[in-house]
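Good morning, and thank you for making the time.

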Amino acid sequence: MEQTKAVPKIKALRLNTVRIFTLASTILLSMVITVMCIGFLMRYEVDSEVSSIEDISYWRDGLPPEQQLWFDEAIKELKAALNKNWRLQPARNAIVFVTSGIDTETMAAARALLANGTKPQPALSWERFPHIGRLKNSCSNTDLCDPFTVASAILNGVRPRFRVGGLDSSVSFRDCVAALNESHHVKSLLEQAQEIGLRTGLVTTRRVTSAGMAALYARTPNTAWECDTALPLAAAAAGCTDTARQLIESRTGRNVNVIMGGGRQTLVSDVPNSAHDPVDESVCNSQDKRNLISDWQLLNVKLRRKFAVLQNQDDLRELNGTNVNHIMGIFANNYLPQRKSQSDQRRQSPKLADMTMKALQVLKRQSNGYLLIVETGVKSTASVAEQTDMLSHLSDVVQQTVAKISEDDTLALVLFTNGNYVRDAVESSAETDAETNVFDFTEGSAPAIEEWLSNMATEALIYARGPRSYLLHGVHEETYMSYVLSYALQMGHFKSDTAAKGKPK
Ligand SMILES: *[C@@H]1O[C@H](CO)[C@@H](O)[C@H](O)[C@H]1NC(C)=O
Ligand SMILES: *[C@@H]1O[C@H](CO)[C@@H](O)[C@H](O)[C@H]1NC(C)=O
Ligand SMILES: *[C@@H]1O[C@H](CO)[C@@H](O)[C@H](O)[C@H]1NC(C)=O
């Protein structure tokens, strides 16, 4: 049917020379118009380039000094904005600073305190980054969050269920069978990076097994199962392993090049408790006679790796990072003390800056590129002085880091979340695993709802600099940042087949 219809049409076209002539002249005419358009466009582009490169012309005659001050500042910012280099190329490396417990109010307060009356206030180092984005907060009264769940969403791009980590939403709380099914596993940023042969590093002032870091190497149907004492026998029998063990035993955990932070009490049983390095009884404290640090050491001997195990500030200082490929530095039983002016008693544990600089040495060594995640934060109970101290130190760390990397090949992100999620209210005992004290919105009195809302996590802010950092430019889904990182580094779903970057090291 179709063929018989088509034949006469072709004939008609062939025979009609007038039509051919019309067609030819139409084509010719459109070509002429196109060429003219291109000419105009080029003219305009040249024009606008000239006007954005040359100094902005403006009048400022007779401005009183009180106005001059702000006008000069505006001209500086305007010039920076006009001369922005968009850096469209892929990134070779990425560094992500993840900070919890800080929102915009705190940041403003800290900046004002640090400025000490100077006007305009000097910027915190990330405030000189060219781009900024905001991540929506997906937590609500019906959609509860805990730190592990949120870290999974932000860092790995898929939101799990409440109190589940590293798995998609088909896995229910405490369901070990579903958790072991690989089709529900989410590929973390760390895993994606290792897959394309990037070096990877985790640096934290918290426990290396606490939520923010664990989301990058562990999968669990119960985020409270941080070490052996929290893992019920039935869960262990069903094949679940605690988070600390996954750091040493999971493929991703074993291949991380740099692991630095606190959390000895979840990795090693019966650690000494002292005033300057207290064991925190409110979080997991291992009792099963494990020593995962020496297990890690044995593994590295077996694999003939160049590695180092570090225990204190002196070990870290003495290490020549250019001579090793793998580091495990555990510097405290729980969190690292992190006041900028540390008292003498606590000087044994290194500062975030020391750890970050040493991590960069190891990651840059004979490297195809790297992904480094640096985590810090303050507790919800921290005073303004503590928050300011932390931000001031972080500003120095980011400044030192930025000085060591190239804006043309390294994407740097500084993420702030208020991050005081409901975990404190739902901390459960290992035996019952009961979800207790979850705030019930329907039964809450008006003041209780008010209180709950005022404690709700605010939306995350991301300051961005380097290749493809312009992709963070507005209000985004909570999971978006992870895809920006994958896209910029060309890994995960955005892996290029041509750029085979070699095997993980
Ligand atoms: C803040 O400024 C005041 C006076 O301008 C000065 O006395 C004080 O030492 C400054 N404080 C700091 C921490 O720089
Ligand atoms: C894993 O999950 C998939 C998808 O839900 C399912 O089809 C499959 O049967 C599961 N495998 C096992 C071993 O349970
Ligand atoms: C670290 O080791 C490298 C190579 O072994 C060496 O060239 C360098 O000088 C060392 N750095 C320090 C600070 O010792």
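**From the sheet outwards**

Strands β3 and β4 are parallel partners joined by four bridges; two strands count as paired if DSSP finds at least two bridges between them. Within that pair, Gly-201 stands opposite Val-258 in β4.

Before I continue, a word on conventions. This is a predicted model, in which local features need pLDDT of at least 70 and side-chain atom pairs count only at pLDDT 80 or more, while totals for chains, interfaces and linings use all residues. Residues are numbered from 1 along each chain as its sequence is written, and chains are lettered from A and ligands numbered from 1 in the order in which they are written.

The protein chain has 19 helices and 10 strands. These elements are DSSP runs numbered from the N terminus, helices being H or I with at least four residues and strands E with at least two. Of the 505 residues in the chain, 40% are buried. A residue is called buried if 20 or more other C-beta atoms lie within 10 Å of its own, exposed if 12 or fewer do, and partly exposed in between, with C-beta atoms placed from the backbone.

Let me return to the sheet. It is open and mixed in its pairing, and its 10 strands follow the order β5-β6-β4-β3-β7-β1-β8-β9-β2-β10. Strands β5 and β10 (475–476) stand at the edges with a single partner strand each, so one side of each is left without a neighbour in the sheet.

Strand β3, residues 199–207, is mostly covered, with nine of its nine residues buried. Its pairing with β7 is parallel and runs over six bridges, and the bridge partner of Thr-204 in β7 is Glu-375. Strand β4, residues 258–262, pairs in the parallel sense with β6 over four bridges. There, Gly-261 has Ile-330 of β6 as its bridge partner.

Which residues of β5 lie on its covered face, and which on its uncovered one? Ala-308 and Leu-310 form the covered face, whereas Phe-307 and Val-309 form the uncovered one. In a regular strand the side chains alternate between the two faces of the sheet. Four bridges join β5 to the parallel strand β6, residues 326–330, and Leu-310 stands opposite Gly-329 in β6. From β5 the chain passes through helix α14, residues 313–318, to reach β6, and this β-α-β crossover is right-handed. By that term I mean that, with the strands pointing away from the viewer, the path from the first strand over the helix to the second runs clockwise.

Helix α13, residues 292–302, comes next. Its residues Leu-292, Trp-296 and Asn-300 are buried. They cover an arc of only 85° around the axis, which puts them on the same side of α13; the arc is that of the directions from the helix axis to the C-beta atoms. Ser-294, Leu-298, Val-301 and Lys-302, on the other side of α13, are exposed. Among the elements that cover the buried residues of α13 are β5 and β6.

What of the interior? The largest nonpolar core has 107 residues, of which Val-258, Leu-372, Leu-415 and Ile-462 touch the most other members. Such a core is a set of buried Ala, Val, Leu, Ile, Met, Phe, Trp, Tyr and Cys residues joined through C-beta atoms within 7 Å. Beyond its neighbours within four places in sequence, Leu-415 is in contact with residues including Val-96, Phe-97, Ile-462 and Met-481. Contact here means that the C-beta atoms of two residues, placed from the backbone, lie within 7 Å.

I close with some backbone details. Most residues other than glycine have a negative phi, and most peptide bonds are trans. The peptide bond from Lys-119 to Pro-120 is cis, with omega near -10°, and Pro-120 is found in the loop between α4 (104–115) and β2 (131–135). Arg-163 has a positive phi of about 70° and lies in the loop between α5 (147–156) and α6 (176–180). Is Arg-163 buried or exposed? Arg-163 counts as buried because it has 25 C-beta neighbours inside 10 Å. Asp-270 also has a positive phi, of about 50°, and is placed in the loop between α12 and α13. With 14 C-beta neighbours inside 10 Å, Asp-270 counts as partly exposed.
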